[in-house]
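Here is a short briefing to keep beside the model as you look around.

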Amino acid sequence: MSEDLYMVNEGLSAFLTYILVVLRCGCLVMFAPFFSSEVFFSRSRLLFGAMFPLLFVGTASETAQIGKSLEMVDLFILAWQEFTIGMAIAYLSSLVFVGVQMAGEIAGQQIGFSMANVIDPQSGIEVPMLGFINMNLTLMMFITVKLNLKLGYIMIRSYDWIGIGAMAPNRNF
């Protein structure tokens with residue numbers, strides 16, 4: 001029996017489930033639009049990233065497939081999978097915003113606003129004026145249509161689609 005083989009009991013399984021949920025939801029909080037803006041302090045994002053997963057632990061623990069004995073490599077692979085899934089959801093949600101900002105930049109170039117830049121308070125960098133206006137209008141529509149709540153719904157459903165440990169490697173080959 002290996003020294004880094006750990007027997008997983010109920011308490012450790014619940015703790016591992018919470019940590020894996022924090023990895024998936026933390027990516028959404030840190031990198032998705034609206035949540036990742038510079039307006040929110042990094043400490044408040046970290047606190048929100050630790051408290052937000054408490055909403056999903058119940059759903060995630062129903063579908064979790066954590067084995068009875070895990071090696072450190074298996075835990076690392078599970079953590080990497082959860083991080084990757086969270087990053088994919090955050091990336092896909094921010095892709096729309098980046099596309100809208102890029103469309104505003106292109107439109108600004110074509111109508112002659114190439115030198116008119118403003119400082120974006122969310123990112124702290126200079127952006128073209130039309131891209132800034134398009135980005136803020138999209139953010140307002142995002143909140144008005146309650147797509148920020150839909151992101152939470154997608155996060156909950158992601159545990160039905162790909163549960164914790166559903167893609168775990170099988171060592172009995």
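A salt bridge here is a side-chain nitrogen of Lys or Arg within 4 Å of a carboxyl oxygen of Asp or Glu. This is a predicted model, and by that rule the count comes to 2 salt bridges.

**Salt bridges**
- Glu82 pairs with Arg24, and their closest N and O atoms are 2.7 Å apart.
- Because Glu82 belongs to helix 4 and Arg24 to helix 1, this pair ties together parts that are 58 residues apart in sequence.
- Glu82 and Arg24 are both buried.
- Arg157 and Asp160 form a salt bridge through their side chains, at 3.6 Å from N to O.
- Helix 6 holds both Arg157 and Asp160, which sit 3 residues apart, about one turn of the helix.
- Arg157 is partly exposed, with a relative accessible area of 28%, and Asp160 is also partly exposed, at 46%.

**Nonpolar core**
- The largest nonpolar core has 20 residues, and those that touch the most other members are Val21, Cys25, Leu28, Phe52, Phe56, Met155 and Tyr159.
- Two or more residues of this core come from each of helix 1 (10–31), helix 4 (72–111), helix 5 (129–144) and helix 6.
- Setting aside residues up to four places away in sequence, Phe52 touches Cys25, Leu28 and Val29.

**Ser158**
- Ser158 is part of helix 6, which spans residues 147–161.
- Its relative accessibility is 5%, so Ser158 counts as buried, the cut-off being under 20%.
- Beyond its neighbours within four places in sequence, Ser158 is in contact with Arg24, Ile89 and Gly163.

Notes
Residues numbered from 1 in each chain as written. Predicted model: local features only at pLDDT ≥ 70, side-chain atom pairs only at ≥ 80, totals over all residues. Heavy atoms only, no water. Helix = DSSP H or I, 4+ residues; strand = E, 2+ residues; numbered from the N terminus. Buried < 20%, exposed > 50% of the residue type's maximum accessible area, 1.4 Å probe, protein only. Contact = heavy atoms within 4.5 Å. Core = buried A, V, L, I, M, F, W, Y, C linked by side-chain atoms within 4.5 Å.
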